[in-house]
Structure formats: C-alpha cells, structure tokens
There are 2 protein chains.
Amino acid sequence: MVLISMARIVMKFGGTSVANLERIHNVARHVKREVDAGHEVAVVVSAMSGKTNELVGWVQDMPKVAGGDSPFYDAREYDAVVASGEQVTSGLLAVALQSMGVNARSWQGWQIPIKTDNAHGAARILEIDGTDIIRRMGEGQVAVVAGFQGIGPDNRIATLGRGGSDTSAVAIAAAVKADRCDIYTDVDGVYTTDPRIVPTARRLKKITFEEMLEMASLGAKVLQVRSVELAMVHKVRTFVRSSFEDPDAPGMGDLLNPPGTLICDEEEIVEQEVVTGIAYAKDEAQISLRRLADRPGVSAAIFGPLAEAHINVDMIVQNISEDGSRTDMTFTVPYGDVQKALRILEDNKEKIGFDVAQNESGLCKVSVIGIGMRSHAGVAAHAFKALAEKGINIKAITTSEIKISILIDGAYSELAVRTLHSAYGLDKS
Amino acid sequence: MVLISMARIVMKFGGTSVANLERIHNVARHVKREVDAGHEVAVVVSAMSGKTNELVGWVQDMPKVAGGDSPFYDAREYDAVVASGEQVTSGLLAVALQSMGVNARSWQGWQIPIKTDNAHGAARILEIDGTDIIRRMGEGQVAVVAGFQGIGPDNRIATLGRGGSDTSAVAIAAAVKADRCDIYTDVDGVYTTDPRIVPTARRLKKITFEEMLEMASLGAKVLQVRSVELAMVHKVRTFVRSSFEDPDAPGMGDLLNPPGTLICDEEEIVEQEVVTGIAYAKDEAQISLRRLADRPGVSAAIFGPLAEAHINVDMIVQNISEDGSRTDMTFTVPYGDVQKALRILEDNKEKIGFDVAQNESGLCKVSVIGIGMRSHAGVAAHAFKALAEKGINIKAITTSEIKISILIDGAYSELAVRTLHSAYGLDKS
C-alpha cells in the first residue's frame, strides 16, 4: 500500500456556504485545514446566496423599466452583470485566508483564463490553462477562483448558466490534475433518496458517475448535471460533503475517506448494489397525440419544433398501431411548458397528422437507479409489483441500462418513493 | 464661423444618477438624446450609490471576522471586490440603451484596456488604448465604460480611488480626443460659492481649469481634483451639469452651450472676472511650534516626517525671527490628523528643535479664487477690509497667483463666505 501524504485538492463552495462574512470565514477554515495538512488547494466559489437572483432580476427588469418593446436583453451584458457576484466572494475569501495567515489570491475567469465558447449565459468551457495556478499552488499559494464564469472568444465575460460553479470546479480539477474535487454544499452527501420524504434514506459512501448522472438529471439537486458529465469524462473523483460541519471535527481532513459521498468510476466500487437510489421529479405533464399517422418522419415532425422551442421532452411512449396506419404517441414535458407545447403542436397539426392532442398535468416520474441492474434480471418487475400492491397506477414506463422511470399520478409520489425505497432494501437498518 | 454638427462626447454619470433602474433609464435618455443628434458617445458610469460603501465595508470587516491579528487587507483583493459595482451598472446601462434601440456595449477597464500603475486602491492611469472604442463609436455603437477602474501591470483589476470615475471620464475623453466631457452630477453646475450657505450664489457659465482646481482642492466637491488636473493637462473641455433635469428639456442637447458650467482653458473665457468664486474648508486645525530653531533644514525636519505619515499639511506661515535664532512656525492640518501630527512632532522634537507645540481646532479656511487677480492689485486688501468690518479676526493668510486663503475661527465661516461673496460682487442680481 502506498501512503499518500500530499494531494492536490479542488474545493467548491456554493452560495449558502458564502452567504455572509461569518460563513466565508467558516469556508476559510475548511481551506486552512487542507493547507495545514500540506495539500495544494484551489477553491471555487459561488456568489453569496440571493445575490445572483438580485443581479438576474435587475437585468430582466431593465428592459421593462426602459420602456422597450422587447423583454429581451443582450446575454453578454447579462454575463457582465451577473458574474460580478462571484468576483466579490472570490476577493473576500482571499482576504479572509490572508488574515488567517494563508497565502491566497483571487482569480477571475478571464485572468486564468477559463476559455469558453460564445454561448453567453450558458457557455461551455473549451479550455483552461492551468499552468499559472499549478505553479503558484506549488509555491504554496491557494488559488481562489470565481466560479460560474469564463471568457468567450469575443474577450467578454461568459457565464456557464445556473449551477455553473460546480462545472467550474470539476473543470479546474481536470485542468490542474487534482486528486480530488470536493463539492461543499448544504447537505452532507448523496442519499439513496430524498431524506425529507423518506427519513430512513441512507447516505451513500460511493456512487458511480453514471448513477449520479441519472440522479442529478432526475431531480436530485445536489450537483449540476453538466458537472457530473465532466467529472465522468475526465475521471475526476468528486466528493459531495457538507460545508456546515465544524471544519476541525475529527475525520474532516481525512485524505482518503472524508465524510460525504464519493462520486467515482465503477471500478472503485467493489461491492456494487443492484439499486443505488430512487429519484423523482414532480410537476411533470403528459401530452398524448391520438390517431397519429404511423409513417416515417412523424417523430421528427413532432419533436423537431418542440426542440427548437427549447421544450425538454422526456419520456416518449409510442404504441404499435393495430392496422399499421394510425397510432397513439405519449410524451412528458415540464408542467410549465404544456401550453407552449400544445400551441406548437396545433401549429404543426397538418404536417404531423394527428386527430387530437390531450394533456394531463400533476404527474410524477419516479426512477429506480442502479448500475448493478445491467447484470440483474427482474429489477423492473420488482418495482411494478411493489407499486401494484399499494394500488398505484402506472401511466408510462421507460427504461435505460441503469434506470427504470415510471410515470404516476402526482398524488402518489411520496408513497411511491417510500415503497420503492423499501422494496429494494435501501432503508437504513 | 464654422458650424459643427457632429461631435464626439464623453458623458459621465455618478452614483446617485445610477442609483436604481429608473435612474439608469433616465441616464439612458440623456445618452439617447446625444446619439439621436448624431454624436459619437462614450459613457462612463459609477457604481449605484451606496454600493461602493457596502463593498468597501465587507473588505474592511473581513479580516476582523476572520479573527486575524491585523486589520489590513490586500489592496488587490479590495480592487477585485469593489470594482464589481461599476461592472454591474455598465452592463445595466447597456441593456437599457439597447432596449431603447440604441446600439451599445459595456466595457470593463481590463477590456479596453485602461492600463494603470500597480498602486492598487489608488492607481493612476498610465495609458488608454482608444482604438477599439473609437472604431466602434464610428460605427454608431455607444461605449459604456465601467468607471473607477483599470488593469495593472500584474494583470489584475486596479481601482483609481474615491471619485475615480471622474478621472476615468476625463482620461477616456483625452484618449478618444473627445470634443467635450460632460460630468453629470446631482448639482447643475459650479457655483460662485456653496448655494446652501449663500442663496444668492450664481452658477458660473465658465471657469478656468486653474480656478476649478483651486475650488476642488478647497472643498467644492463637484469634481475630483485629479480629474481637473488631467483635464487641464490634456485640455479636455469639461462640462459640469445635472443628471436630474428632464433629458429632453429645451437646450439640453445644445452642442455649444448646454446648461451647466464649462471648465476650460483661459483663452476660451473672453471677459474674465477678477474673482470667480469663494471656497471654504471647515474642520481645519492649526499647529504652532514656538521658539523654533531658525536654521537651514528645519522645514524639512518638520514636514518630512508628516508627509511620510500621509498628513496633508496646508497653510504654512513662518515669521521672521527678531534675532535670527528663534522663530514661530504655524501650519494647518485636517482636524482628524491633529493628534497623529502632534505625536510625530514630539517624537522628532530633538531633531527639529522647538520649545512647545500648541494646537487649535475648529478653524475654517476661506478662499477667494480668481484667475483675474493676477493682473489686478488690491484684491487681497479688499478681503481683509470686508472681514474686518464684520469683526472677523484673521489667524493666518496664504496667497498664490490666483487665490487668497484666510484662516478664521470656524464659528464665523458662513458669515465670512457671505461677506466675501458680496464684497466681490458675486451675488446674483
């Protein structure tokens, strides 16, 4: 066994963790703990909680106040305004660290630089030059990086979209070849399901990237989906842990097994459970197209215009038609997009060729997730049986290699989550 | 006479002018007026009023909250935090302008770039590359520039110190060779004296750079001293005018004679008055060194250590000693610095060689300013006579080519200002 004593660690703190000067001091204590242990550290920070909303609100309201005809605004100006929130916290954390005797400096996205594409407001990171940061970390200086932002090819600030600081952290970790990326948040790890619904939910020691991706996509709001994708691609070992615990409590500085949940590669998980967790997404709505022309290209005719309107279509179920000419097609969209989707479908009714579009709201999608189900049969049947025993009607089913998603009436969502959580033996003993 | 129809104008708006979205909209209306008239426009903005104080407060409090031994903070981090205020307003004003159909974009100091020296927190502008902005203004795009900031040789944000946005505006005006630099503020021009004390004070149509420099140095807080110096050196014709008037009121768009006060070169002022204005500075304190050794180098021994401690020594009066060995020396310092100055003098007592240091607070310095006094005799005597008639005792006098400063008891300050204002015929008829 090799004893590792020095590591390179990226630490990320979200908005509630830096909400005021006292909390920023607390964050600085977490950082100092790792520095004192001899590690090289880069820290990524979000804006103080509430600050981003305030800035976004100003940008959105400005066109109305200015009496313009259009509610739209220039995303490049949005980025300049909104990125200021992270700029403030990065500077304040650097000051806090320096006051505690820790060598530190702030870095804005454009200074490193974190190069992004030109999709202002929802930019993707293209390239990070880690040279300067790596050199300075080697000299014992903590890099305090403003999250959520980079610089576009137009030499202007580009933000990564909501939750983008998670993505910043994982991307920095990949760029500096960090041993670990710790995402400090207001929960102490990833749970088998939402503990507010199922009090017996267990905190997971480890979860694979693939499973976390499904969990994140399906409403477990611990990590931003894009950050998990990035961690998976670059194999960044990512810990989800709490920023509100005492920074100097026993075990907090454990290099190999800190408290929290490790998101990692499949190989790192020796004893893989069949099912890892139950996720759910409320406020789903279902749209059914009745007596749809069953011909090639009909799916493209339906989903092309919806995609153009940025409507996120999820579960798609198509029945095989009896006579080969007409069929039914059902799919789900977020509740807020139903009216927009129906309008688009009506506009394209001729081209698509359907009889009537029906919709139903107040639905819930419950999902069973586990990388182990790839090698186990009967996992889905087990879910159907458990739900049937509670009298919960299934409206639609979709499956992937590591996930079963079931659409049900929203009124049964908590019951369904609890039922499935028990059925797969996830309750803590 | 040449009719000029198109001009290049720099407009600057301070914190109270951009305090909220409604006021930013009002600023945008001022800008649109000039754009619609066919002018090329660059706008420089401060942070929303109150914002800079909030940010500065956070930086100052952070070391205390972090429990550090020292109250000091890294000026580079201070700059990163505090400059965010102007970043926000520049983006919001660009959005407002776009909503009103005006082509506009925001520019941060580092984007232009506005290159400064490395004196973070109080940096000086070294160089502005106006190429990009000039080209875009030529294409009809308004440049909305975040004031108060630039980028240092260390590639980090550097702020120019309090009131720095005035300096930014004048420097940009010089860099883009603007025909005019309009400083929009919460007063509608420069007055012969403070209208709160003398209701009959008149707004000046024009004032020379030299006079304005004296007015600004002596407490007329309309413009930052450094910005006036810069305007004088680069001969930037600068208007002080109100941002709170209706942007579309008659005459507001007058190219040659807009409402407000023009600060300009002496040659532009055809009929120069002998006295242009009366300025005053309260809260002055006086320190007198009694029986001081009258030998070469004694002044350096006194004022060297005070300058090192950043104490601003102002009026210095030294009497000629009767016997050539001992004399008295009197000078003024800001009230807040008295104790510090006395401590320094005591520490250097041996080296300086004086008997006793006395001090008196609650004094006021009243100044009569006018470039015309260079060619007129008896201007000072007129002041002394007017004050004597009111029974106001004069404690010290200093004069320059265009200014007479008189130190008096603070209790008489308003009376003295009113008396001198009348004595030089400055009251409006």
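In chain A, Arg105(A) lies over the face of Trp107(A), 3.6 Å from the ring centre, where a charge counts as sitting over a ring if NZ of Lys or CZ of Arg is within 6 Å of the ring centre and within 35 degrees of the ring normal. Turning to chain B, the charged end of Arg105(B) sits over the ring of Trp107(B), at 3.6 Å from its centre.

Please keep in mind that this is a predicted model, in which local features need pLDDT of at least 70 and side-chain atom pairs count only at pLDDT 80 or more. Residues are numbered from 1 along each chain as its sequence is written, and side-chain values use heavy atoms, with hydrogens and water left out.

Now to the ring pairs: over all chains, a search of the whole structure finds seven aromatic pairs, a pair being rings of Phe, Tyr and Trp (its six-membered ring) with centres within 6.5 Å, stacked if the planes are under 30 degrees apart, edge-to-face if over 60 and tilted for the rest. One of them is stacked, because the rings of Phe13(A) and Tyr184(A) have centres 4.5 Å apart and planes at 20°. This pair links distant parts of chain A, 171 residues apart, with Phe13(A) in strand β1 (residues 8-13) and Tyr184(A) in strand β9 (residues 180-185), strands being DSSP runs of E with at least two residues, and helices runs of H or I with at least four, numbered from the N terminus. Phe13(A) is buried, with a relative accessible area of 0%, and Tyr184(A) is buried, also at 0%, where buried means under 20%, exposed over 50% and partly exposed in between, with a 1.4 Å probe and protein chains only.

In chain B, the rings of Phe303(B) and Phe331(B) have their centres 5.1 Å apart and their planes at 75°, so this pair is edge-to-face.

Notes:
Chains are lettered from A and ligands numbered from 1 in the order in which they are written.
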